[in-house]
Amino acid sequence: EHPPGPSRELCWAPRLGVSGGGAPSALLTPFSPPLFSFSLQLRHLQDGARIAARLPPRLEGHWVSTGCEVRPGPEFLTRSYLFYANRLFKAYQFYYWDPSCREPSYSLVIKGKLRLRQASWITRGATEADYHLHKVGIVFHSQKAMREVASWINQTSSEGCSGFLPPGRTWAPGALYELLSAKSERDCTAALGFAMHELSLVRVEKHYQPLLEPQQSGSQLVEELYLGDIHTDWLERLHYRPTGYQRPLQNAVHHVHPCPACGIIYRADEHHPPILPARAEPPMQLSGSWVSTHCEVRPAVLFLTRYFIFHGNNHTWEGYYYHYSDPLCKQPTFTIYASGRYTQGVPSSKVRGGTELAFKVTQARVTPMDQLTVMMLNSSEPGSCGLTNSWSAGVEQDITPTNGCLALGIKLPHTEYELFKTEHDTRDRSLLYVGERPTDGSSPDRPDKRPTSYQAPLIQCAGAPEEFSNYVSLKYLGEEDANGSEALKPLPVAFLLFIALQFLRWD
């Protein structure tokens, strides 16, 4: 393969047949989803790397954010977590006023102990864990931050925290105030929406990144730490037990290069929060094709990859959603194709740097990829999902005439209120961030349900042909069982699909 241009990745492939369990090549039509191209794109981004996930994971080491993160709210933060061999941990969370993480508000230093448990029976590929917090301290970086946080705590906390900071208390630079202490049984963290439930779901992935310099050959190890997702509803986040992931941290030694933010965050502490380098914000340019960079996970057992095409000349869009039953995206269950129109974007007043749009879905097609999905669709209520009793594996069917598919939770026509953002990564590639889906599985079908945070980014493609073969699975490879790494035994697909469909929503 030849290296792509600075801002786009290759996203095309010759039309090839499929062997070994793929759909019959006779099913190829101009309307077939570009699955082969999509698969090739992911493999291109991985550069043929082996992605290994060890069970149980090894957490020892220092893990850092690779950039400014956005949590529901919105909250802007960076993280720096240290895990020790004796199961103790020390975590820093640095909060900011701005989406570029250049204006610190306050920092949290969190100390505790973590114990890994068994492999998760809900989120395949993850390990469940128990944690216990020993201390949580806060350092304010301005009088404004101190006044605001003190107001939250004094107004909403229990009696033991009502006098956390007296009104009019002067900001003391560098002073550390105790929010939580296991010894004194004091906990004043709830007013900040703070919880460390993210530590209850853990996954570590390893892969190799080719060296970028033309004169260099070989590759370097990259380790990523996936921790549990944060509930999109502020009132639920204190009680929510994760079933998905948030943006991964990367090992401070083994991280993607270049990473200007990594070293800055690595050297930071609660008294010296990281100030990330200034970056130009590119204008929102949706036109073109965008594809997932890896196998994605959503809360409630949803594994998928996405491929979007936006037509800026007439504001129409197309989306392909490839669903799987496993975290390696090797066991396909069904594909959804959707299309419609979108509105002109306007800057978000709630999430700085974001753009608000509305998407109307007017057409959709479904392709079942395994026999269980075929059976489920064929047993659905007549007139609720395509032609009655006509589904077969690998054959796409239009569900627009039945106003969607009740069995898959799809209703047509349908409008969703979205939040988008584009930016360039450190290799000058164009990235597209789409709003995070509501954790409860509902749809952002009202303006007040518009997202305030983002999913994993999509990367812009150079282009794609009109016709592709039907299916080539993503070549994610794990290590062998003998090496102590992830070995996924097939779970009953009926069980997985049953759980997934309780929460299924597609964006």
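A residue is called buried here when its relative accessible area is under 20%, exposed when over 50%, and partly exposed in between (1.4 Å probe, protein chains only). By that criterion, both Tyr-307 and Tyr-320 are buried.

The model is predicted, so local features need pLDDT of at least 70 and side-chain atom pairs count only at pLDDT 80 or more, while totals for chains, interfaces and linings use all residues. Residues are numbered from 1 along each chain as its sequence is written, and side-chain values use heavy atoms, with hydrogens and water left out.

Rings of Phe, Tyr and Trp (its six-membered ring) pair if their centres lie within 6.5 Å, with planes under 30 degrees apart counting as stacked, over 60 as edge-to-face and the rest as tilted. Across the whole structure, a search finds 18 aromatic pairs, including the two tabulated here.

| Pair | Centre distance | Plane angle | Class |
|---|---|---|---|
| Tyr-92 and Phe-94 | 5.8 Å | 15° | stacked |
| Tyr-307 and Tyr-320 | 5.9 Å | 55° | tilted |

The pair of Tyr-307 in strand S15 (residues 302-311) and Tyr-320 in strand S16 (residues 316-324) links distant parts of the chain, 13 residues apart; strands are DSSP runs (E, at least two residues), numbered from the N terminus. Both Tyr-92 and Phe-94 are likewise buried. One aromatic cluster is formed by Phe-308, Phe-310, Trp-317, Tyr-321, Tyr-342, Phe-359 and Phe-420.

Ser-339, found in strand S17 (residues 332-342), is buried, with a relative accessible area of 8%. Leaving aside neighbours within four places in sequence, Ser-339 is in contact (heavy atoms within 4.5 Å) with Trp-317, Glu-318, Lys-360, Val-361, Thr-362 and Gln-363.

Conventions:
Helix = DSSP H or I, 4+ residues; strand = E, 2+ residues; numbered from the N terminus.
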